[in-house]
Amino acid sequence: MKTPVRIVTAVTALAAICAIGSHRAARAQESAMPPSASSVVKTKVYTSLDPVPRGKEFQVAVVVDIQNGYHMNSHKPLDSYLIPTTLTPQLPAGITLADTVYPPGKNLKFPFSPDKPLNVYTERVTLRLRLSAGDSAVLGDASIPVTLRYQACNNSACLPPVKIPLTVEVKIAAAGTKSKTMHPEIFAASSAK
Amino acid sequence: MSYVKCSWLLCAAALLASGALAACGSSSAKVSNSAAGLQSAPDVTFKNLEGADVSLSSLKGKVVLVNFWATWCDPCRSEIPALIGLQDKFASKGFTMLGVSMDDDGVKTLDPFIHMTKFNVGGEQRIMDYPIVLGTDAITDKFGGLLGMPTSYLISRDGKIAKKYIGVVNEQQVIKDIESQL
């Protein structure tokens, strides 16, 4: 009975090797699947002053880290049909928006657009809101909802456009209150650009 | 070990091996096929640009390349000339393209795009003249969800998903795949 046992062992080993190979191939295919649109960026929100006295300007920075291999359209893509990156605050009473500052994108070519560059953000981009707290801004803690909208692609496929809700937490203080400059490394660097 | 026990062991090992070999075979180019056989395409009904219903099942008997795309998607636009070429090459042999637009504002964006945008197909300026319908999230859910665009499904004559392509299709590969279904 040694021969049948050897055959069983050999066939079982073949099955095991093939099953492992199949599992690895399946895992490789899974990893080739694109991620969800909302997962290709990570965001961090910073404010420039704490607290923010009434009558003062302050800034909010949204630092966007884009997953390696992906890009998103800049705020001013070169073609009108492309979906731009936007940052939109919903301002509470007494807080006004002076400006939204979008850095310029990079002109890059991709395999699907070898002749025509696209204006895109890659790696890390910092978007800024220039705000001011007016005399009617409510004193105390305030939450400012902000929506980041973008549309990202890799070298061969695009993810659907997505809106990411963010929240900016600030403390509004009386006019003349001393405040501390926060995160100069972010605001000084992005102001210089 | 008795002869009967050995026979059972051999049978079990053979079954295990055949299952694993089938799994190995399915892990090559055909991305979404199950080892046991092809998965049926979902029973979905689209709206065409005139507002009429177009069910996928009504195309049974034809090989169909269902291509999810959007006007804002540059990789999708880049493969349109190849897709027009596929329709030219295979339409008379029982094949059809079916472009499924995922543009949020539907006909408003699509109508001018389809009639005005020209693509270079072998040196000739062509519009997107294969059938286009409107997609919805409910429809993509029935295909198992749409993570990226373009995503295409090659449907066999009997309504089975023969292959799924994520990203821009490789023209030579998709021609081979279509020919294998015709």
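This section describes the fold, pairing and packing of a predicted two-chain model.

Residues are numbered from 1 along each chain as its sequence is written, while chains are lettered from A, and ligands numbered from 1, in the order in which they are written. Because the model is predicted, local features need pLDDT of at least 70 and side-chain atom pairs count only at pLDDT 80 or more, whereas totals for chains, interfaces and linings use all residues.

Chain A contains two helices and 14 strands. Helices (H or I, at least four residues) and strands (E, at least two) are DSSP runs, numbered from the N terminus. Of its 193 residues, 30% count as buried. A residue is buried if 20 or more other C-beta atoms lie within 10 Å of its own, exposed if 12 or fewer, and partly exposed in between, with C-beta atoms placed from the backbone. Among contacts in chain A between residues at least 6 apart in sequence, 76% join residues at least 24 apart. Two residues are in contact if their C-beta atoms, placed from the backbone, lie within 7 Å. The mean pLDDT of chain A is 86, and 80% of its residues reach 70 or more. Here pLDDT is the predictor's confidence in each residue, from 0 to 100. Over residues 14-31 of chain A the pLDDT is below 50. Beyond near neighbours in sequence, that stretch has 19 contacts in the model.

Strand β9 (residues 113-121) of chain A pairs with β5 (residues 71-73) of chain A in the antiparallel sense, over two bridges. Two strands pair if DSSP finds at least two bridges between them. Met72(A) has Tyr121(A) as its bridge partner in β9(A). β9(A) also pairs with β8 (residues 106-110) of chain A, again antiparallel, over four bridges. There, Asn107(A) is bridged to Asn119(A). A hairpin of two residues joins β8(A) to β9(A).

Gly55(A) lies in the loop between β3 (52-53) and β4 (57-66) of chain A. Gly55(A) is partly exposed, with 14 other C-beta atoms within 10 Å. Its C-alpha atom is separated by 6.1 Å from that of Asp135(A), 80 residues apart along the chain. Residues up to four places away in sequence aside, Gly55(A) touches Ala133(A), Asp135(A) and Ala175(A).

Chain B has five helices and 10 strands. Of its 182 residues, 34% count as buried. Among its contacts between residues at least 6 apart in sequence, 71% join residues at least 24 apart. Eight strands of chain B form an open sheet with mixed pairing, in the order β1-β10-β9-β4-β5-β8-β2-β3. β1 (39-40) and β3 (53-55) of chain B stand at the edges with a single partner strand each, so one side of each is left without a neighbour in the sheet. The partner of β3(B) is β2 (residues 45-48), paired in the antiparallel sense over three bridges. Lys47(B) stands opposite Asp53(B) in this pair.

Helix α2 (residues 74-90) of chain B has 17 residues. It reaches 25 Å from its first C-alpha to its last, close to the 24 Å expected at 1.5 Å a residue. That expected span is 1.5 Å times one less than the number of residues. α2(B) bends by about 40° at Ile80(B), and Pro81(B) follows within four residues. The bend is the angle between axes fitted to the seven residues ending at a residue and the seven starting there. Buried residues of α2(B) include Cys76(B), Ile80(B), Leu83(B) and Phe90(B).

The largest nonpolar core has 80 residues, of which Ala152(A), Met149(B) and Ile155(B) touch the most other members. A nonpolar core is a set of buried Ala, Val, Leu, Ile, Met, Phe, Trp, Tyr and Cys residues joined through C-beta atoms within 7 Å. Neighbours within four places in sequence aside, the contacts of Met149(B) include Ala157(A), Cys158(A), Phe68(B) and Cys76(B).
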